[in-house]
Amino acid sequence: MKKIYPANECYCFMLRNIASSIKKIYNQHFQELDITNEQFTILMNMKYLAPISVTNLSEKIKIDRTTLSRNLKILQTKALIEDVLTTGRSRQIILSKKGEDIINKGEKIWNKIQKEVEKVIGKEKLKTLKEVEKILENY
């Protein structure tokens with residue numbers, strides 16, 4: 001008899017499912033702004049880092065460049081970001097006024113989601129997840 005791969009016991013599979021479930025919660029709330037959680041993360045980081053090149057933003061927020069570029073195209077189409085300087089192949093991007101407005105609305109939604117997740121999962125378990133994140137970052 002063949003052994004079946006116990007996917008539900010695989011830590012990678014489990015963590016991916018957790019990430020997928022939590023992402024779904026955030027995306028549902030951000031729908032009213034017509035953005036995804038990933039796009040909110042990009043915009044929020046741009047608020048503090050811009051002007052910034054695509055490469056530097058990718059490194060700072062740990063999103064691969066291809067995924068970031070795809071999301072930046074969407075954000076640019078929605079007029080939430082702007083190019084301010086292009087030298088050779090390096091784009092410098094900033095939030096537009098509309099992007100700043102979305103961030104202001106999004107921060108309120110984000111705070112609400114954070115409290116909801118904290119209530120459902122619990123502060124101690126979230127603290128443990130944060131500790132796991134730190135361990136894996138340094139692995």
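Predicted model: local features only at pLDDT ≥ 70, side-chain atom pairs only at ≥ 80, totals over all residues.
The protein chain has 139 residues, of which 27% are buried. Its secondary structure comes to 6 helices and 3 strands.

**Overall build**
- Along the sequence, the elements of the protein chain run α-α-β-α-α-β-β-α-α.
- The C-alpha atoms fill a box of roughly 60 × 35 × 30 Å along the principal axes.
- Take the contacts in the protein chain with a separation of 6 or more: 56% of them join residues 24 or more positions apart.

**The α2/α5 crossing**
- Helix α2 covers residues 37-49, and helix α5 covers residues 97-121.
- Their axes come within 10 Å and cross at roughly 115°.
- On the α2 side, the contact is made by Phe-40, Leu-43, Met-44, Lys-47 and Tyr-48.
- On the α5 side, Ile-102, Ile-103, Gly-106, Glu-107 and Trp-110 make the contact.

**The nonpolar surface patch**
- Nine side chains need listing here: Tyr-11, Met-14, Leu-15, Ile-18, Leu-129, Val-132, Ile-135, Leu-136 and Tyr-139 form a nonpolar patch on the surface.
- Together these residues have about 970 Å² of accessible area.
- Two helices, α1 (11-30) and α6 (123-137), each supply at least two residues of the patch.
- Tyr-139, also in the patch, sits in the segment after α6.
- Tyr-139 counts as exposed because its relative accessible area is 86%, and the cut-off for exposed is over 50%.

- Ala-79 lies in the loop between α4 (65-77) and β2 (81-87).
- The relative accessibility of Ala-79 is 37%, so this residue counts as partly exposed. That class falls between the limits of under 20% for buried and over 50% for exposed.
- Leaving aside residues up to four places away in sequence, Ala-79 touches Ser-96, Lys-98 and Gly-99.
- Ala-79 and Lys-97 are 18 residues apart in sequence. In space, their C-alpha atoms are 8.8 Å apart.

Definitions and conventions: Residues numbered from 1 in each chain as written. Heavy atoms only, no water. Patch = residues over 30% accessible without salt bridge, like charges linked within 9 Å, V, L, I, M, F, W, Y side chains within 5 Å. Areas by Shrake-Rupley, 256 points an atom, 1.4 Å probe, with all protein chains shown as cover. Salt bridge = Lys/Arg side-chain N within 4 Å of Asp/Glu carboxyl O. Helix = DSSP H or I, 4+ residues; strand = E, 2+ residues; numbered from the N terminus. Buried < 20%, exposed > 50% of the residue type's maximum accessible area, 1.4 Å probe, protein only. Axes fitted to C-alpha atoms, helices over the stretch in contact; angles between N-to-C directions. Contact = heavy atoms within 4.5 Å.
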